[in-house]
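Hi everyone, thanks for coming. I'd like to walk you through one model today, starting with a sheet and then turning to a pocket.

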Amino acid sequence: MAGRINDEDVKAVRDAVPIDAVVSEYLQLRNAGGGNLKGLCPFHDEKSPSFQVSPSKGFFHCFGCQEGGDTITFVMKIDHLTFSEAVERLAGQAGITLRYEEGGYNPSHQRGERIRLVEAHKIAADWYAEQLATSPEADAGRQFLAERGFDQAAAQHFSVGYSPQGWDHLTRFLRGKGFTDKELVLSGLSQEGRRGPIDRFRGRLMWPIRDIGGDVVGFGARKLYEADNGPKYLNTPDTAIYKKSQVLYGIDLAKKDIAKASRAVVVEGYTDVMACHLAGVTTAIATCGTAFGGDHIKILRRLLMDNGSARVIFTFDGDAAGQKAALRAFEDDQKFAAETYIAIAPDGMDPCDLRLAKGDEAVADLVEPRTPLFEFALRQIVARYDLDTPAGRAAALDEAAPIVARIKNSGAQHEVAVQLAGMLGILDTQFVVKRVAQLARWARDRGGKGPAPERQHQGQQYAGPPRPAASRGPALNLRNPVFATERELLKLALQRPELVSPAFDAYGVDEFTAPPYAAVRQAIHDAGGAEPGVADPQDYLVRVREAAPDDAVRAMVTELAVEAIMLHKGVKGADEVYAGAQLVTVRRRAVERRIRDITGRLTRLGTHGDPAELAAVQNELWVLQQYDQTLREHGAAAL
């Protein structure tokens, strides 16, 4: 049985790897104020960023879907890893050797499956690259690259390799590194043969495919020999770590420049990505043996942040297949907030051929956006009809108008409808505009109320975690002003405990009237209370999260730990005054509730109640009224 990772090592890993550095490997982050960063959530689709990261606290939280946690949690969720696998990956990045408390010292059999498969791919990539650089047999691969303008330095930059023609060279090599036959087959590097596993890739030029975090998760293999009866390009099959619809070749190299320039160039092949990057177009990426689709869009949207100036440029071959690919891309166009364009060289050459024929400048010039994707798609549709006849124009309009009607922005829809009228040669522009608008209305009507709205973002109503259908009643609005002070006080206790301690620890759970807030108060108590001047804020928050009874409370702890506090920066003493006001308000409301309860009890006792009981209740009421007056006059000093 796998040993448990030493707690001190887990803490060392958590402290050693900054959460913003990890998250920024997957999405673009921008300043959100208050020391926080924000970006588009990688766990659900959204148009505006509600995902926030607090580097100082080591936590993230999405105010849209309520996902949240620390660096380890993020890696677990984004890459679907177990806790141990996530810690092991981060430990590897930080150079920390982990200790295991039960099963010995970091034995390989304790490594998680994903970690093992990724490690096998990394070793395989290095081995393939060594074969290309040194093996006489790899001459065919080196010649292939040279003919396309790629020297040894280019091959090394992109880690291109070569798989020998023998049956099991890589399989035997990886066995020698301690990998089992089962692991090799699961990884997709080997496949079952008549007498056991054999190499999946043999006699081919190899491109390692990395995920957005930089791990090698698969390979693209190009046929080199006529005797090879396989397809021209052979890719890793879908595995536990590789899904071809969810990876983009070159994304590990391009992601930072895509985020910086708010621009991505989508090309068709591995050599096209190489040609673009070497020509200075370092935002180029490609799909891996599949059409550009929804999952690819999600990857790019997180990097582009869907701002208005973002651009995505598709380069497709000028042949029928390339045109078909462009039309497929247009079908997903509305999933982008970015503007989409298409770039096709006049002579139909792809970026790799263009670089060979005309040099780097021609490649850079090719991908400068010129033709909007919608315009190209509509022209392809219109070109199939005889526009010299009324029937031809009507048929072209019938096919093109529904596409224009899918454009969500009404202003853009109107403009494109006018352009469509011009393409068709229909002089009555308003006829086309009205036809498109009518189709758009019909589409909305067929959808009824449309899809369910996204969860509310920060600053809007949040109804808390979803409850089981059987118990659903009126949603609890935690943004109600009645609860606002309780929320602020908990945020202070989690983020700035020195401002509210030791008074906060004397507050009862019943002083927090919203059940989720009461649960967080209990978690703080169970974790040892609010710690003033805590040396390690992240460790304090981890303990509070661990003390939470369930995922809903843990999510609320993270949310409150990340959300900005309404403090007054730059005004001396203002933070203390603000914190004191929250303490007093919460306490006074609790006192007022108790006063109302006792007043009602006095009314029920009336004049016929037990004299001793009546006197005790009246005395308690007087004490509370005096305490309330003291709080009103002296504020936090009376706590």
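Before the sheet itself, one term: two strands count as paired here if DSSP finds at least two bridges between them. And as a reminder, strands of a sheet pair through backbone hydrogen bonds, either parallel or antiparallel. Please keep in mind that this is a predicted model.

So, on to the sheet. Five strands make up an open sheet with mixed pairing, and their order is β13-β12-β14-β15-β16. At the edges sit β13, residues 284-286, and β16, residues 371-372, each pairing on one side only. Further in, β12 (residues 263-267) runs parallel to β14 (residues 311-315), and four bridges join the two.

Which strands does helix α10 touch? Helix α10, residues 251-261, packs on the sheet against β12 and β13, and its direction makes about 130° with that of β13. Helix α11, residues 270-278, also lies across β12 and β13, but runs at about 175° to β13.

The largest pocket holds about 840 Å³ of space. Its lining has 30 residues, and those nearest the centre are I78, D79, H80, Q246 and R302. Which elements give two or more residues to that lining? They are α3 (71-79), α5 (113-134) and α12 (294-304), with α12 providing the largest share, five residues.

Technical notes: Residues numbered from 1 in each chain as written. Predicted model: local features only at pLDDT ≥ 70, side-chain atom pairs only at ≥ 80, totals over all residues. Heavy atoms only, no water. 1 Å grid on protein atoms, 1.4 Å probe; cavity = no way out; pocket = protein on both sides within 12 Å on 5 of 7 lines; lining within 4 Å. Points joined across faces, edges and corners; volume = space filled by probe spheres on them. Contact = heavy atoms within 4.5 Å. Axes fitted to C-alpha atoms, helices over the stretch in contact; angles between N-to-C directions.
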